[in-house]
Each structure stands twice: as C-alpha cells, then as structure tokens.
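Welcome! Here is a short briefing to read alongside the model.

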Amino acid sequence: MPVTIREAADALRARQFSSVELTTAALARIERLNAALRAFITVTAEAALKKAAQADAELAGGRDRGPLHGIPIAVKDLFFTRGVRTTAGSLLYRDFVPDHDAAVVERLERAGAVMMGKLNMHELAYGITSENPHFGAVRNPWNVEHSPGGSSGGSGAAVAAGMVYAAMGSDTGGSIRIPASFCGTVGLKPTYGRVSRYGAFPLAWSLDHMGPLARSVRGAATVFDAIAGYDRRDAASSRHPAVETVPEVGCSMRGVRVGFPQGFFFERLDADVESSVRGALARAESLGAAVVPVRLPDMEAVTAVGRVILLCEASAMMEPHLDNRGQFGADVLALLDQGRLLSATDYIQAQRLRRKMQQEFAAVWRQVDCLVAPATPTAAPRVGENTVRLAGREEDVRILTTRLVRGFNVLGLPSLAMPCGLTAAGLPVGLQIVGPPMEEALVLRVGAVMEDGGVGIPPCPTL
Amino acid sequence: MKNWEFIAKASGVEIPAPELQRISQTLDALEATFRRLVGDLEVSLEPATVFHAEEDAGDHSGSR
C-alpha cells in the first residue's frame with residue numbers, strides 16, 4: 001500500500017488502487033490496532049466508505065479536487081464534525097454532537113479527503129501525555145509502553161501506525177510537535193491565525209494553533225495548503241494571502257541561513273537527542289545551508305509568559321464547570337486550579353511581556369532565515385511516568401517536554417517538527433524548524449530538502 | 001512569596017488542602033521566574049490582547 005499522501009494520490013490516478021480500497025485497508029488497520037493504541041475515540045466507517053466511493057466516482061468522471069481527494073485522514077476530537085460526537089477527550093462533552101463542521105473539516109471535505117473518525121487526545125487538550133482517564137491512554141506505536149505525547153497523541157499515533165495518511169491536531173504549548181517528535185512523524189504548527197480555529201474547542205484562545213501531522217514534509221504541506229487561509233468566523237484569522245507551500249521536487253536551500261541557537265535549546269538534552277539534531281544540522285550544511293550560531297532572547301522567560309497566559313485563559317474558559325471537580329482528571333484539575341489563583345494583573349502583564357518579546361525576537365530574522373533546534377529534550381517517556389531523570393536531576397515530564405516548544409506558541413511563529421533519528425532504545429527523535437511569521441513555505445522547503453537529503457527515520461515497524 | 005491559600009480563600013476558590021499544597025510549589029516556581037520579568041516594563045507597552053503574529057516582525061519579505 002502507498003505510504004505517503006503523494007504515493008496514494010499517484011496510485012489513485014494511475015488506478016492502481018481505488019479510494020474504497022485505501023479506505024477499506026485503513027479501516028482494517030484501525031480495527032486491528034486501535035485496541036492496543038487507543039488512537040481513535042470514534043470511527044466513522046460507514047460514512048468513510050461512502051465518501052471514498054464518491055471520491056472514486058468523481059475521479060473517474062474527471063472531477064479532481066486535488067492531492068487529498070480520496071485520501072483517508074482523521075481529526076483530533078476537538079474539531080467539530082456535524083452529526084458526529086465531538087468530546088474534546090472530556091466527560092463534559094461525551095455526548096456532544098455538533099450541528100456544524102469546524103472550518104478545517106469543511107476545507108478537508110471540500111478537498112475530497114475521506115474522514116475516518118475522531119482521534120483520542122489529552123483531556124481538553126490540556127496536557128502532553130494523552131493518558132486520557134475517560135477514553136483510554138493512547139500508546140506509542142514505536143513501543144506501546146511509551147507515551148505518544150500530546151495533546152494530539154491520537155493524531156501522532158494514527159499517522160505513525162499507518163491508520164491514516166494525515167491527521168489534524170492542535171498546538172497550544174507543543175501539542176502537535178510533541179506527538180510528532182515522540183511518534184516519528186512530521187507535524188506543522190503554522191503561524192498564529194494562519195489556520196482557522198472556528199469550530200475547534202479552545203484551550204487558550206491566544207495560543208491555540210491548528211495544524212497537520214503526516215508521514216512526510218510534503219504531506220504536511222499538502223494538508224496545510226488545503227486548510228490555510230482567512231476565515232472571517234475566526235477573530236484571529238490572518239488576511240495574509242495564502243500561498244502554495246508544497247516544496248518542489250529537487251528544491252534547494254542553498255544559501256539559506258539556518259540558525260543554530262546557542263544555549264537554551266541545547267542545554268539539558270538527552271544525549272541521543274543532541275547527537276541526532278546536531279547530525280541533522282551538519283547534514284543541512286552539506287546540503288547547502290549556511291549554518292549560523294545565533295543567540296536568542298531569553299526563551300526561559302518566553303516560556304514562563306506562555307504558562308501564565310495559558311493558565312489564565314484555560315481556567316477562564318473552564319470556569320463554568322469547575323464546581324463539578326469530578327468531571328476532570330487530576331492533572332487537568334491541578335492546572336485549572338493554578339489558573340484560578342493568578343490575577344487579572346498577572347495576565348495583562350504576561351500579554352505586555354509577550355508584545356515586548358515579539359519585538360525582541362524580530363531581530364533574530366535579520367541574522368538568520370530560520371532556526372533548527374530539538375523539538376523535545378528527550379524521546380517519549382514511559383506511560384505513567386510523571387518525572388524523568390535528565391542530566392543528573394529529576395524533572396517534571398510536562399514542564400520538561402514543553403520547554404523547547406511553548407515559546408513559539410507565545411510568539412506565534414511557524415514551527416515544523418520532523419524526525420531526525422532514533423535513540424539507542426529505538427524511539428524517534430524530533431527536531432523543529434522555526435521561521436518568521438507567515439514563512440511556512442520556507443520552513444517546509446528546508447524540511448523537505450533535509451528529508452530528501454536523508455534526515456529522517458524508517459517507517460514505524462509494523463505492529 | 002505569595003500566600004496561595006489566602007488568595008484562594010479571598011477569591012472564594014475552593015481547592016482541597018492537599019491539592020492546594022501541591023500546586024503551590026509549582027506556582028511558587030512560576031512566580032519566581034515571572035515576577036522578575038515584570039519589573040521594568042515601559043508604560044507605553046500595551047498588552048497583546050489582540051495578537052497578530054505578522055506585526056512588528058522585522059523587514060523580512062516573502063519566501064526565499
């Protein structure tokens with residue numbers, strides 16, 4: 001069976017496979033693997049086969065909606081799907097059935113993608129393990145004793161395990177890039193406002209970003225092109241014109257200044273992670289990039305600001321439900337309680353600091369065109385691990401795992417996570433490529449050149 | 001350091017004591033980092049409560 005979106009799209013047009021065959025194979029794979037991986041909360045088999053048959057008929061009749069036409073995909077269960085239960089991984093919404101689609105679902109539908117169902121996630125998207133107390137803990141296809149990351153854990157697992165060709169996730173403090181890194185897939189957190197948030201359960205309005213996970217950089221770009229663009233229903237939606245971002249075959253990054261951040265991003269890393277990311281940077285240089293050491297503003301400070309904003313916005317959103325503590329998992333409740341104790345003044349100061357940090361960070365782009373750094377300091381921890389030992393000290397898993405990614409939610413910058421190696425234990429290592437606002441085409445091109453040039457990992461071993 | 005128990009009580013926020021003690025440690029650490037940042041903000045600096053990522057982003061232009 002085809003592995004990437006491009007291969008599947010070519011196979012459909014060459015009539016090697018039909019969309020019904022791709023969808024049937026995906027359903028069989030979901031049936032076989034979901035009990036172990038818990039990647040899906042809801043599988044929409046009947047609707048998927050109907051949609052696949054429609055795609056086959058349209059393609060045979062000469063109506064070609066583009067590269068996603070007839071391709072099995074799925075979305076994180078916080079995206080509204082009309083007539084299909086949408087839980088946000090929470091007991092609060094266990095019976096909620098929306099009467100309209102999220103903007104990204106509308107656009108994927110228009111592109112002819114075949115929706116396979118709704119993906120499991122960390123409760124309310126408020127965590128990085130996807131150990132969901134209500135719908136089951138998602139497992140990492142590379143080693144089911146390990147976490148897939150979160151909060152888009154089901155999305156990462158489903159793509160890595162070959163259940164779907166691409167999945168939608170959301171990223172408020174790393175929730176696309178962490179599962180991409182842990183599951184060995186590609187994940188794109190676009191610029192803030194680039195992809196509509198309409199019809200997605202929010203976690204923190206000013207930090208939420210919507211984006212794809214896929215098995216290749218070009219696959220992620222293909223999905224991004226289908227979903228990006230202005231939406232008047234999203235108050236933060238950018239009017240910046242959408243451009244095609246799928247990198248051309250044989251594209252180059254000759255002369256691109258790739259920033260190699262000194263300090264923060266390379267402190268307190270697992271040795272295998274550091275080795276893999278440094279290896280990827282060396283490969284980038286051999287592929288024509290100018291790798292430039294660069295000092296960034298205080299990212300520890302940016303991260304702290306992000307945590308204050310997130311705590312306040314998430315608690316504000318959940319306030320109507322907080323009298324019923326039994327509805328929440330313990331970890332989510334702890335975060336919601338923290339947010340209730342911060343003040344309005346704290347929130348305003350955090351947003352002032354955010355503007356200051358945005359202005360300071362802009363100077364970086366005068367020195368370099370993009371940055372390459374690790375996405376996560378470690379590979380996937382074990383399911384149930386709340387602390388990990390790193391560089392001789394015990395660290396909280398959540399704070400450690402979000403350390404390298406959260407800052408780019410605060411700054412709203414596009415960040416592409418992609419695999420760059422395996423640890424000695426056989427778990428994926430992920431890096432991130434970060435660019436200036438609206439420069440998804442650049443970060444995707446850099447990612448594609450690196451992927452074409454051998455930066456990556458083999459497909460996940462078959463379970 | 002802030003008295004989170006007092007703040008919870010004054011705000012009418014009911015959090016069981018063991019849970020409050022656990023989150024107090026996390027909040028203390030966050031407070032220590034955050035508070036030192038707030039000191040010298042210029043009064044002209046407005047909150048980013050309406051946030052557009054493409055503003056104030058320097059003079060880069062288009063894709064290379």
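**Where chain A meets chain B**

Arg36(B) and Asp298(A) form a salt bridge, with their closest N and O atoms 3.8 Å apart; the term stands for a side-chain nitrogen of Lys or Arg within 4 Å of a carboxyl oxygen of Asp or Glu. The model is predicted, so local features need pLDDT of at least 70 and side-chain atom pairs pLDDT 80 or more, while totals for chains, interfaces and linings use all residues. Residues are numbered from 1 along each chain as its sequence is written, chains are lettered from A in the order in which they are written, and side-chain values use heavy atoms, without hydrogens and water.

**The interface**

- The rule finds four salt bridges across the interface of chain A and chain B.
- Contact (heavy atoms within 4.5 Å) involves 48 residues from chain A and 44 residues from chain B.
- Together the two chains bury about 3900 Å², with 61% of it on carbon and sulfur atoms; buried area is the accessible area (1.4 Å probe) that two parts lose on being put together, summed over both.
- On the chain A side, Leu341(A), Arg352(A) and Arg355(A) lose the most area to chain B, together 20% of what that side buries.

**The cysteines**

- A disulfide is a pair of cysteine sulfur atoms within 2.5 Å, and the count over all chains is zero.
- The sulfur of Cys420(A) is too far for a bond because the closest cysteine sulfur, in Cys370(A), is 14 Å away.
- Cys420(A) is buried, at 10% relative accessible area; buried means under 20%, exposed over 50% and partly exposed in between (1.4 Å probe, protein chains only).
- Cys460(A) is also buried, with a relative accessible area of 15%.
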